[in-house]
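Colleague: Could you walk me through this one? I'm new to it.

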Amino acid sequence: MLNIQKQDANAGEVVARGALLAISCVISYSLITHILASTYSISRDDDLLGGMWAVAATIFVYRYSHAESVHAALSRMAATSVSFALCLVYLLIFPFHVWGMAALIGIGAIVVTTMGRPDDTITTGITIAVVMVVAALSPHDAWRQPILRLVDTAVGVAVGVAAAWIGANAIRMTKLIGRDNSA
């Protein structure tokens, strides 16, 4: 019987964490597509892309412990910052070109590796690819894309870390209350 109760508690924790992640994604998406978009918006399509990017950042950093989430957030922001800088400089000078995107991905890999963060190569490359392709889709003032994606990422990261903190503390409190009731 005790084994079944442990499994039920674990299942309840899994469901609670899943629900918290889902709610966090809605919050990230809404912050970008409604609140921040009312302040500055290039287009509705760009607002939706920003919402998707914030959701991706939330999912990326939402982990089972607050410490793991903070570590993932630092990784995500480091990779995004390198991507931001490289894409901004490139797009201030040149329009999108596939070889330019490829060069930035290679340079980004070199930069994050020499910074001692080789695991951030994947996120840096993906971020560069997204920013550059979006710049190709919206070539007018394409230099704004890195700035907007940096903001989207920062919002998603903040929401994901906050959700992980709330989730970890709620689970810990539930376990503590459960111990008091079983004593």
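Modeller: Helices here are DSSP runs of H or I with at least four residues, numbered from the N terminus, and axes are lines fitted to C-alpha atoms over the stretch in contact, with angles from 0 to 180 degrees between N-to-C directions. This is a predicted model, where local features need pLDDT of at least 70, side-chain atom pairs count only at pLDDT 80 or more, and totals for chains, interfaces and linings use all residues. Residues are numbered from 1 along each chain as its sequence is written, and side-chain values use heavy atoms, leaving out hydrogens and water.

Colleague: OK, so how do α3 and α5 cross?

Modeller: The axes of α3 and α5 (residues 121-137) come within 8 Å and cross at roughly 35 degrees. Contact, meaning heavy atoms within 4.5 Å, involves residues including Ala-79, Ser-83 and Tyr-90 of α3, and Thr-127 and Val-131 among those of α5.

Colleague: And Ala-73, buried or exposed?

Modeller: Ala-73, which is found in α3, counts as buried because its relative accessibility is 8%, and buried means under 20% relative accessible area with a 1.4 Å probe, counting protein chains only.

Colleague: What does Ala-73 touch, beyond its neighbours in sequence?

Modeller: Leaving aside residues within four places in sequence, Ala-73 is in contact with Val-61, Val-157 and Val-161. The C-alpha atoms of Ala-73 and Phe-60 are separated by 8.0 Å, and these residues lie 13 apart along the chain.

Colleague: Changing topic, which helix gives the most to the nonpolar patch?

Modeller: That is α3, with three residues, while α3 (66-93) and α6 (144-182) each supply at least two.

How values were computed
Buried < 20%, exposed > 50% of the residue type's maximum accessible area, 1.4 Å probe, protein only.
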